Amino acid sequence: MGAPFTSVLIANRGEIAVRVERACLELGLRPVLIASEADRAGRATPGEGGPLAIGPSAPGRSYLNQAAILLAARVTGAEAVHPGYGFLSENADFAEAVEAAGLTFVGPPAAAIRIMGDKIAAKRAMMAAGVPCVPGPGEPLPEDAAAVRAIAEEIGYPVIVKAAGGGRGMRVVRESAEVADAIAITREEARRAFGRPELYMEKFLEHPRHVEFQVLCDNHGNAVWVGHRDCSVQRRHQKVVEEAPAPGIAPALAERIGARCAEACRQIGYRGVGTFEFLYENGEFYFIEMNTRLQVEHPVTEMTAGVDLVHEQLRAAQGAVLETARFAGEARGHAFECRINAEDPTTFVAAPGRIAAVHFPSGPGIRVDTHVSAGYRVSPYYDSLIAKLIVHAPTRADAIRRMQVALSATRIDGIATNLALHERIFADPDFVRGGVDIHHLEKRLREEPRGEA
Ligand code: ADP
């Protein structure tokens, strides 16, 4: 694995397809873009040419259609496949199919994706590498309710019951009388969502922050961590604003955790970029999961670490040796990212439609990752992210002011967006102080639903 290639099929859409396309061009690689019917029709300037038609609008028949994507690679002579994020990016079978077709998958080996896709296997691998995990056994829960209660008592209430298959159907349990029902319901949900009933249990943390570590690995056993990010500003577990570095983390602690993440990568034979997600509470880190792909919020790390993660990802896939020394040193300045979504500002429901006019800010320390322009039609078929507004400045306070100004200079006409929500967040004294927990935004929205305050 890890072979030279000169052309890359980008198996994705939206802003990330544009982001990867540019990185390919910068490295002298030929990008091959694909698009569903909805995306072909939605372009601001439809007509001849453009991305290759991959199938109907429904994701299952286009961006998730493995056979169609492999065929597209064959007919266009692409030698590698970049999966972006979402869709097939964490699908081990797809990674395997790409390699079996004689192409390079721009991502980790299928085996590493498979381990991290199984929450119990992932937790066990992390424990083995000395990465701190949420208290609780890295073992499937037994069938017997009394045995499960004993585990819960050992951990100490409240606990959370989670499916090995993924985040669907988690349940918080606060006392032993709730255990039996919680297990039965969550098991059924897991069986339905993932086709497998295994559950595990860990301590439920009441007020954590979400802090994650970016790693970068080559095919030759070199691995480094390249900074951390705070993604605690969330609504319904969806990240809204991210920043790098995470504020208030002691450098020595970050170094220790980052080094453990890099070690875990070496142990599982990781390659490319990846993210270790942690809950952070009372000065301690607790691993929750690894994302084996490029993240939506990767730009804040790029700005502060001075690295192009997509370039590095492509180079690693080509078999290049990672010059780990380049990544030593502290973060430079501070960066924020606002995810701009086409959505109703009060209900948060996706609000597709045609963008009549759009203006994004520019200037020092401002970056906009987007695929939209005036005339673009936001499709109801896909997620509602239309742009990422990213700022970088010498200090966190400077970056906050820069984002406030950048937000006020952003205009998107014709569709509803969450721009006002971002303005509220950047005017919130708790957020400005730094270090809010993952419940903060929802709490604010409950207190002041329309943002009168
Ligand atoms: P997913 O696969 O959905 O991302 P995760 O295990 O990452 O599943 O959990 C999703 C979210 O659930 C986390 O971001 C966090 O908000 C919450 N969560 C998970 N585990 C815990 C825990 N032990 N204590 C408190 N909250 C948790």
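**Terms and basis of the model**

A residue is called buried when its relative accessible area is under 20%, exposed when the value is over 50%, and partly exposed in between, with a 1.4 Å probe and protein chains only. The structure is a predicted model, in which local features need pLDDT of at least 70 and side-chain atom pairs count only at pLDDT 80 or more, while totals for chains, interfaces and linings use all residues. Residues are numbered from 1 along each chain as its sequence is written, and side-chain values use heavy atoms, with hydrogens and water left out.

**Overall form**

The protein contains 15 helices and 20 strands. The radius of gyration, taken over C-alpha atoms, is 22 Å, close to the 22 Å that the globule rule gives for 453 residues, so the protein is as compact as a globular protein of that length. That rule is 2.2 Å times the number of residues to the power 0.38. Helices (H or I, at least four residues) and strands (E, at least two) are DSSP runs, numbered from the N terminus.

Along the principal axes, the C-alpha atoms fill a box of roughly 65 × 55 × 45 Å. Of the contacts with a separation of 6 or more, 66% are between residues 24 or more positions apart; a contact means heavy atoms within 4.5 Å.

**Surface and charge**

Buried residues make up 54% of the 453 in the protein. The accessible surface is about 18,600 Å², and carbon and sulfur atoms account for 52% of this area. Such areas come from the Shrake-Rupley method with a 1.4 Å probe; for residues, only the protein chains shown count as cover.

There are 50 positive and 57 negative side chains, and the centres of the two sets lie 3 Å apart. Lys and Arg count as positive and Asp and Glu as negative, whereas His and the chain ends are not counted. Each charge is placed at NZ of Lys, CZ of Arg, CG of Asp or CD of Glu.

**Annotated domains**

An unreviewed UniProt entry lists residues 4-446 as "domain: Biotin carboxylation". Over residues 4-446, the chain is 34% helix and 26% strand, with the end C-alpha atoms 53 Å apart.

UniProt, again in an unreviewed entry, lists residues 123-318 as "domain: ATP-grasp". UniProt positions are given in the numbering used here, feature names are shortened, and annotations may be inferred rather than shown by experiment.

**Cis peptide bonds**

Tyr157 and Pro158 are joined by a cis peptide bond with omega about -5°. Pro158 sits in the loop between helix H7 (145-155) and strand S6 (159-163).

Another cis bond runs from Ala244 to Pro245, with omega near -5°. Pro245 belongs to the loop between strand S11 (238-244) and helix H9 (251-268).

**Residues with positive phi**

Arg236, although not a glycine, has a positive phi of about 50°. Arg236 occupies the loop between strand S10 (223-235) and S11, and counts as exposed because its relative accessibility is 62%.

Phe348 is not a glycine either, and its positive phi is about 65°. The loop between strand S14 (334-341) and strand S15 (353-354) holds Phe348, which counts as buried because its relative accessibility is 18%.

**The segment after helix H15**

Pro449 lies in the segment after helix H15 (440-447). With a relative accessibility of 47%, Pro449 counts as partly exposed. Pro449 and Asp430 are 19 residues apart along the chain, and their C-alpha atoms are separated by 17 Å.
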